Amino acid sequence: MRKAKRISSRITAACMAFFMLSAAVLPVSAEGTATSAATAETPQADEASETTEPTDAAETPEADSVEKRVEFVDVENSYAKNAITRLAEMQLISGQGDNHFYPQNPIRRQDVAVLISKVVGLQPLADREAVFADVPQESAYAPYVYALAQLEVLRGRDDQTMGAADPLTRQEMAVILGRLMKEIGVVPAIGTPAIAYEDEDEIASYAREAVRQVTNQKWMQGANGRFNPTGLVTRAEAAVIAERLLDVRYAQADTGEFAVNTSELRVMAGESESLKVTRPTGEALPFTPIFAFDRPELGKVLGDGTFVAGPAPGRGNVTVTVGYRTLTIPVEITEAPPAKEAEEETKAESTTAEPVTNEESADADQDVAPDEAAADEPQASEDSQATEESEEPAQEETASEPGQDADQTDAQEEEIVAGEEEWVNFGPESFTSVATIGPADPFFRQVEMQYPGPVGGLTAISEEWTGYNRQFGRKVTVVLPETKALGQVNLTFQQRKTSGITLPKWMEVEVSQDGKAWSYAGKAFHDVSPANEQMVMRTLAISLPEIEARYVRVTFPVDVFVFARQLEVWGKGTGQANSIVLLPHPNPTQTIQTESARRPVENMLLAYTGMHGDLGTWRTEDFLPMVGYLTQDGYMRDQMFDTVLFLPYQTMPATRESWTDYLDDLFRKNRQLDALNSAMREYNRLRGTLYTTPTKENVVLAIPYPAASQTNFGTLPDSSTPLSFSPAGIGEEKAFENRKLAVEWYFQELMKRWEKAEFSYLRLEGIYWFHELVEDSAPKERELIRSTAAMVHAKGLRYYWIPYYGAPGLEEWRSLSFDYAFLQPSYYSDRQIPLDRWEGFMDAVQKYGLQIEIEGDNKMYRDPTFYQLYYNQLAMTHKLGLDTNTIHAYYYGSKTFLEAFKSTDPALRAIYDDTYKWMRGRFGEIDYTVQELFPQP
């Protein structure tokens with residue numbers, strides 16, 4: 001039994017004895033992106049004298065690691081310009097001095113090693129002895145070369161060298177990439193006919209299969225029908241290949257599926273269980289799994305997925321991250337049996353639960369009040385390499401020097417945990433800086449100054465809390481005195497709902513060796529509801545698979561107030577990481593949305609779902625021509641509908657069962673919201689913005705209407721009494737309360753599912769009030785609308801409404817707390833509508849400050865008069881200037897507009913094309929057809 005000594009009062013020594021049983025070592029089959037020590041390439045003409053190798057001289061990381069515009073004077077006319085610039089801005093490659101890149105120079109083998117390692121996310125690996133004679137252990141290239149060698153991607157030459165300074169042939173590069181494919185879990189391209197090169201006979205026998213593989217993957221392609229196998233790889237060619245590989249890694253991180261051997265974990269106190277992460281298709285995991293736990297006072301999850309329970313029972317959650325995708329596993333620690341029983345059980349064979357493929361993480365809601373002593377209550381053979389510079393990064397906005405509270409001086413024991421390897425909390429001796437997400441606000445910063453935290457900053461060993469007020473979130477960067485083998489990052493948060501303090505929804509960790517190029521190292525969730533009014537503490541602990549790093553960055557969102565303390569960075573006091581670790585680059589799509597980054601709604605498509613079979617089922621291929629304007633020859637020219645409003649059909653019953661079924665359908669895999677997310681991913685791919693500046697689609701979600709005629713909605717969780725919305729028999733006040741309870745339950749369930757889904761290319765913009773009029777006969781209708789608005793606005797969302805023409809209450813939309821109201825023209829009715837409807841509609845729009853809805857349905861494809869009616873809307877609104885500088889909603893029934901896109905009839909296809917022109921203010925007609933009466937079906 002190892003002894004554990006910790007200064008923090010929240011973890012008992014008995015529990016810590018189990019925690020540090022072993023260091024985490026992950027299987028070789030995982031992968032990710034390397035973001036580590038900066039390496040510089042040197043001009044080929046004078047390798048010895050001008051080489052600038054990676055250094056560790058940086059003091060503080062660059063402010064928020066914003067990509068800097070890089071310009072090389074000699075790449076303007078190069079086919080590789082975009083690839084070179086992109087990689088250089090990501091700190092994955094650099095020039096050779098004087099703003100020159102020398103794209104046509106051959107690239108050295110050691111430079112290729114660094115470049116490939118960084119692009120695929122292979123973390124640098126220090127070795128205790130040299131692997132190759134010409135790459136000495138002290139060389140800055142060694143960590144990258146050694147990591148690739150341990151992965152068996154580099155094998156060197158017979159004389160125990162790798163030819164570090166030699167150039168690389170194209171067939172040698174193909175062999176390296178071919179080996180790499182298997183190790184990073186790339187599925188070979190299938191169904192692609194083999195490409196025959198004219199010089200195929202010149203390809204060495206050992207390289208032919210690799211050339212075929214990289215050709216099929218489109219990583220390397222010949223020119224003029226030739227592969228040129230013995231030609232030297234130039235720096236420009238290396239950059240293009242590296243960019244293609246980078247995009248593959250982004251795609252793997254974004255879409256890679258994985259499974260865990262159990263959907264929930266039950267562990268007896270003092271025992272351990274292993275979580276096994278696999279890929280359903282059987283290939284190697286594309287990235288190393290990262291494990292996190294939200295209750296380290298109850299147990300610890302090691303870097304290899306072993307969960308070690310402490311001595312006390314309780315509940316928590318393990319978060320598993322592979323790439324950018326996460327899965328939450330509920331954990332229950334049960335009481336250990338009495339001593340006598342325990343002795344008998346140790347003699348018996350241990351058994352484990354039957355493995356279960358985990359497709360969907362279970363939801364838990366266990367909130368445990370913290371220890372009373374928690375705190376003061378705050379108020380309110382072929383090789384590779386890349387090049388990099390080792391410039392010292394700029395300091396971030398707010399910095400605190402290493403240190404700790406004055407009354408904690410004798411606690412400079414560094415929180416050492418004894419064992420075979422000495423584990424140390426490096427936080428107190430590190431430099432710490434804090435930056436807001438987005439622009440800092442002077443007023444909120446002034447508010448924060450009331451809760452500055454301990455003298456030594458967030459990493460000080462102190463029970464004092466540091467307060468953070470709004471400004472979207474924080475990035476806390478910790479700079480260690482030197483590179484260390486890191487194993488865990490912890491940060492403690494508090495929730496006091498009555499004081500306006502809530503836990504952040506999640507915490508993320510990134511690591512780096514140089515403070516410039518970063519790797520994404522996982523995410524931690526908890527199950528505490530923001531509505532919980534108990535005082536709750538959670539320590540989010542992310543276990544790392546022994547990563548060599550000097551810089552650690554912790555990110556968390558801040559809605560109103562977040563209080564945090566004791567940021568701990570644990571690692572080996574001595575020794576080095578010795579396991580292969582692959583991590584992705586930070587996710588370019590997963591950013592905390594700031595108001596300045598919030599894309600405005602301009603064109604909102606109504607998408608009905610949940611009923612009517614295929615008509616109410618949206619797939620990726622249905623959404624793609626809606627979110628983007630696709631020309632008839634298949635070119636993705638521009639964005640079309642920037643927002644999608646998901647809403648149920650009017651006939652959906654007002655019952656809990658129906659509302660739940662609608663939610664299940666809304667979040668169904670490969671349909672509805674998930675299909676829209678996939679469509680936006682494809683839109684960004686076609687537009688070339690997938691991994692640079694991806695566009696996110698705005699989403700508005702509907703709140704079903706609790707109709708006052710419903711006498712049996714069903715029961716809510718933790719209740720056995722069915723809700724009635726009708727005042728008959730229960731009175732108006734009780735009916736209102738029941739309606740409000742149902743709406744609140746639905747909204748909370750909707751938010752929980754949305755947050756759990758983590759759509760990479762969607763952004764929740766607002767909530768839609770489903771009923772199209774103010775129902776005066778319904779119990780306290782206006783109060784219900786306003787209470788829903790307060791709930792929506794508390795989440796930072798906008799509130800939408802689309803009343804029909806002449807609807808009761810439409811003139812009150814502002815006083816009802818809606819942010820936007822669109823007026824339905826209601827042209828498509830079963831009765832004759834006089835011509836002066838146009839004027840009446842426009843008068844109402846202007847008088848009440850309403851936005852407009854464009855209407856169409858399948859009648860316009862069958863009846864020329866309805867076809868003309870649709871065009872009349874476009875012509876009139878264009879004439880009045882309402883097609884630009886305003887917000888529009890679009891009603892097309894059930895997927896009707898999709899028919900126009902698919903049609904081969906030029907007149908019907910024109911509906912799709914002309915609507916896009918109208919959106920951009922380029923519609924040509926300004927006069928509409930005059931008729932005595934609008935057409936009837």
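User: Before any feature is read, what do the numbering and the pLDDT limits cover?

Analyst: Residues are numbered from 1 along each chain as its sequence is written, and side-chain values use heavy atoms, with hydrogens and water left out. The model is predicted, so that local features need pLDDT of at least 70 and side-chain atom pairs count only at pLDDT 80 or more, while totals for chains, interfaces and linings use all residues.

User: How many residues of helix α6 are buried, and what should its length be?

Analyst: Helices are DSSP runs of H or I with at least four residues, strands are runs of E with at least two, and both are numbered from the N terminus. The expected span of a helix is 1.5 Å times one less than its number of residues. Helix α6 has 14 residues (residues 170-183) and should span 20 Å, which agrees with the 20 Å between its end C-alpha atoms. A residue is buried under 20% relative accessible area, exposed over 50% and partly exposed in between, with a 1.4 Å probe and protein chains only. Because 13 of the 14 residues of α6 are buried, the helix is largely enclosed by the rest of the structure. Just after α6, G185 takes a positive phi of about 70°.

User: At what angle do α4 and α6 pack, and which residues make the contact?

Analyst: Axes are lines fitted to C-alpha atoms, for helices over the stretch in contact, and angles run from 0 to 180 degrees between N-to-C directions. Angles under 35 degrees count as roughly parallel, over 145 as roughly antiparallel, 65 to 115 as roughly perpendicular and the rest as oblique. The axes of α4 and α6 lie 12 Å apart at an angle of about 30°, and the two helices are therefore roughly parallel. Contact means heavy atoms within 4.5 Å; here R109, V112, I116 and V120 of α4 meet E172, M173, I176, L177 and L180 of α6.

User: How is helix α4 (residues 109-120) placed against helix α5 (residues 142-150)?

Analyst: These two helices pack at an angle of about 70°, with their axes 9 Å apart, and α4 and α5 are therefore roughly perpendicular to each other. Their contact is formed by A113, V114, S117 and K118 of α4 together with Y144, V145 and L148 of α5.

User: Which angle relates α11 and α13?

Analyst: Helix α11 (residues 620-627) and helix α13 (residues 672-687) have axes 8 Å apart and pack at about 55°, and they are therefore oblique to each other. On the α11 side the contact is made by T620, F623, L624 and V627, and on the α13 side the contributing residues include A675, L676, M680 and L686.

User: Is V301 buried or exposed, and which residues does it touch?

Analyst: V301 belongs to strand β6 (residues 299-301) and is buried, with a relative accessible area of 2%. Not counting residues up to four places away in sequence, V301 touches F291, A292, F293, T306, F307 and S543.
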